[in-house]
Amino acid sequence: MRLFFCIYLSGLFALHKSHAQPAWVPSTDQISFTYKGEILVIGPDRDLINLTNSQSTEIHKSFSPDGQKVAFDSDRSGAMEIYTMNLDGSDLRQLTFDSSRNLVPVWSKDGKKIAFNSTRDGNWEIYTMDLDGTNQVNVSNNSASDLVRSWSWDGEKILFDSDRAGSRDIYVMDKDGTDVKVLVDWPSNERIAMAAPDDRIAFSSDKNGNEDIFIMDENGGNVNVLVQTEGNEFYPFFSVENRNIITLISDASGEREVYTLNINKGKMTQITKRGKFSGN
Ligand SMILES: [Ca+2]
Ligand SMILES: [Ca+2]
Ligand SMILES: [Ca+2]
């Protein structure tokens, strides 16, 4: 478990060398992802739009629900901090100011809060803050490694993974940090819980020897396989507009690439190929 933990945390930083964190851009049919420290969007003509174009490293991003702004982490100040900006790069605002690691901003479904992960209190904790960076609150407050990737679809709860019971497991808590419940407590490692529009929750698990994506009811019941290949699949992202097509990462081709999956047809389509549109 300890070895996995070290690999996992170093993985948070190694990820920026390959495709990571695919997501639909709200109110569009465009797909965003990060690659080699930049935030990229595959535009309407399958061209790549670079939202950051920076010397610094950006690894994770989250769009406001109206699609007008993007929150992201960046080391441009010398430490990993959370920022927001308009999609054209204007109105850049730095929201966190400490020398620890602040990673993975996740915009709330009502647009009013940003959750993120930070080591400022000595271990990975989940924080929420207002859009101007005020009211930063540690809502996980547990000596284990607690990591957020998604709010619940109704925006009232925070989904997260934690190793507080040994292996990594999937948890949910109210957005103020109360009423913590474990949803998946398998002996394997479960992580990256993501909300679906029908209130179900997808997550990845290595229970079958490599990472696959599972989906379950919001109370943790009725678990089913959503994506399973010989490679590693993770980071399922659902959107309002593209209800039945999720974006995800798989390394089934040998490289971590962005795919879409039509969850009704079970059909996966490769979207990226080494930093470019794959041409499919
Ligand atoms: Ca913690
Ligand atoms: Ca587990
Ligand atoms: Ca797999």
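How many bridges join β21 to strand β22? In this predicted model, in which local features need pLDDT of at least 70, side-chain atom pairs count only at pLDDT 80 or more, and totals for chains, interfaces and linings use all residues, three bridges join strand β21 (residues 233-237) to β22 (residues 245-250), and the two run antiparallel. Residues are numbered from 1 along each chain as its sequence is written, while chains are lettered from A and ligands numbered from 1 in the order in which they are written. Strands are DSSP runs (E, at least two residues) numbered from the N terminus, and two of them pair if DSSP finds at least two bridges between them. Glu233 of β21 has Ser250 in β22 as its bridge partner, and five of the five residues of β21 are buried (20 or more other C-beta atoms within 10 Å of a residue's own, with C-beta atoms placed from the backbone).

Strand β7 (residues 81-86) pairs with β8 over two bridges in the antiparallel sense, and Thr84 stands opposite Arg93 in β8.

Two asparagines have a positive phi, of about 50° at Asn141 and of about 60° at Asn222, whereas most residues other than glycine have a negative phi. Asn141 lies in the loop between β12 (137-138) and β13 (146-151), and Asn222 in the loop between β19 (212-216) and β20 (224-227).

Conventions:
Helix = DSSP H or I, 4+ residues; strand = E, 2+ residues; numbered from the N terminus. Buried ≥ 20, exposed ≤ 12 C-beta atoms within 10 Å, placed from the backbone.
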